[in-house]
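Here is a short tour for anyone setting up work on this model. Please have a look at the sequence and the fold before reading on.

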Amino acid sequence: MPHIQVLPDLLISQIAAGEVVERPASVLKEVLENAIDAGAGSVEVALDDGGVRRLRVADDGCGIARAELPLALARHATSKIASLEDLEAVQSMGFRGEALAAIASVARVTLTSRAADAGEAWRISMPGGEIAPAALARGTVVDVEDLYYATPARRKFLKSEPTEYGHCEDMFRRIALARPELKLQLTRNGRLVHRWLAAAPAERVAQVLGEEFTAAARALEVQAGPVHLSGYVALPAYTRAARDAQYFFVNGRFVRDKLLTHAVREAYADILHEARHPAYVLALTLDPRAVDVNVHPAKIEVRFRDARGIHQFIYHALERVLAEPLSAAAAAAPAVAASFNLPPPGAAPAHPRFQGELAVSEGGVTQAAQRYFDAFALPRLGAAGTFTPPAAGAAGPGGAAAHAAVPLGAAAAPALPRESPDSAAAVPPLGYALAQLAGVYVLAQNRAGLVLVDMHAAHERILYERLKSVLDGMPAAQKLLIPAVVAVSARDMATAAEHAATLDRLGFDVAPVGPQELALRSVPQLLARAHLPDLLRALLEELADQPASRVVEVRRNEMLATMACHGAVRANRQLAPAEMNALLRDMEACERADQCNHGRPTWVQLSMADLDRLFMRGR
Ligand SMILES: Nc1ncnc2c1ncn2[C@@H]1O[C@H](COP(=O)(O)OP(=O)(O)OP(=O)(O)O)[C@@H](O)[C@H]1O
Ligand SMILES: [Mg+2]
């Protein structure tokens, strides 16, 4: 039996350092957090060789008194808490009194500091621990050299300079986003990389994540009692293939927490393709007593006292902001420039085909919307099995022929008046339809310029949202006069038997009439005219593939989405201008209308400036 013996202090520190100092980026995190806790307004970071050879952080915070320099580097010594009550209500980033000691056990550390009220600065170096006078106007400089010189085995796990530098820069960005009021500078091997002045939160987000992110993001700010959530969530068009733009801060601390990530993911579930990742910067603030930050060695996870409540709060806040109907951006866009010369209303000859048949007034458009709604309720547009084949000659080479539904300024598409405050205000956000392109896209003109709509995707989203809201609970069923007999696979037969109750709740009355034949005796009313065999098979497929544990709600939504897809207007179906305008109006009123159920965009805006750029006008 080997003897039990107490470990030497240095070895204890080195073991503990394993948890705190995983790589240069974790050193940077600890040192930056100390600067924040010291109340710094400005922080400068210099990294040599990815922070391995040298990592230097200078702040203008409160500094450390000469007498306390050795304590700053000692284990379990902290100025931030003194009792258990303090720990439970901790607001500072640090509280263990562990970080500098851990770093000093695996690297050479020099601490130079001048306490706020002191006449001179002092320095302490580890190993050794001698204290000597130094020159420093204020604050603290932490110099970390030769990381892992003392533990060569760990050094082997370090990656290349670009990788380690990259991790450090990530850390730097997190701090920058968490503290917009902080002036920050980052130098890499002597070259200045970032210099960010103190900024408003929105400005800082743009500095760190780029204008591209801010342009695609929606701001949110929600308060529920003592809990506050603010930040930016990107619309699905911006979302990423990687999880590299996900920033969640709890009381100013960056966390990567399962509960929070899950709540965000759920909020995006309905609009995001599963292979994509949401992009967001979110800051949650709450009473520090309601959250335990002392559960993870790197403090990257937290535990909420009311986990469920927080999950629901975040989910609903995000779901709401992501669902908001068509971006105010389109509505708020500047009126089309005067250079866009529209013929005065009525001046252009109306397209002969539509002459006389179309409404001119706003009322006409509303009527058309009503007609469209009617068409949807008896799914004329949704007759999946009966879509119109392309008209002869309609599809030109490459299928890119435009059906000129109506010329600019003619009746169906009320000409956009030239800039005049009242008339401009009357133009709906997505404007009026101009034409249909290749049986796939609807072209419309709004105040900002040209709008392109993927009509199937847009219609699908509208149907889906309507199914979800109108059909409170389950879709109403309609008995079929003559049951439809559908040939299915053996697997489908089994699925139908197993999920009979679910199918029934969804309005599908299905009964076996042969070894591989199902009779469909009723279907959801809205789909009475869809292609029933396809619809049934698709539903059975989904039922068979989904793990049984999945909640009925999700299943229902997926089925509604399937229904919406089957019900949505197919390509090559030629829409009348009134139908196109009605589609645009429906999109404006529809939640989440900016993306189809699969997270693809349903429309894009080409502003006059975009078009001018395309044609190199005004250069
Ligand atoms: N940049 C700084 N400015 C002023 N004081 C500092 C600075 N860095 C460290 N200190 C002092 O040194 C002490 C030890 O720092 P250290 O990071 O090791 O522990 P901590 O921040 O208290 O807790 P944690 O281990 O959770 O980070 C701090 O409590 C603080 O008093
Ligand atoms: Mg600390």
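## About the model

This is a predicted model, in which local features need pLDDT of at least 70 and side-chain atom pairs count only at pLDDT 80 or more, while totals for chains, interfaces and linings use all residues. Residues are numbered from 1 along each chain as its sequence is written, and chains are lettered from A and ligands numbered from 1 in the order in which they are written.

## Around ligand 1

Ligand 1 is surrounded by 23 residues, counted when the C-beta atom, placed from the backbone, lies within 6 Å of the ligand. The closest are Asn34, Ala38, Thr78, Ser79 and Gly94. Helices H2 (24-37) and H5 (99-106) are the elements that give two or more residues to this shell, and H2 gives the most, with 4 residues. Helices here are DSSP runs of H or I with at least four residues, and strands are runs of E with at least two, numbered from the N terminus.

By class, the shell has 9 nonpolar, 8 polar and 6 charged residues. Nonpolar means Ala, Val, Leu, Ile, Met, Phe, Trp, Tyr, Cys and Pro; charged means Asp, Glu, Lys and Arg; the others, Gly among them, are polar.

## After helix H2

H2 is followed by glycine 39, whose phi is positive, near 75°.

## A three-stranded sheet

In an open sheet, 3 strands run in the order S20-S22-S21 with antiparallel pairing; two strands pair if DSSP finds at least two bridges between them. The edge strands, S20 (477-487) and S21 (509-514), each pair on one side only. S20 and S22 (residues 517-524) pair over 7 bridges, and alanine 477 stands opposite proline 524 in S22.
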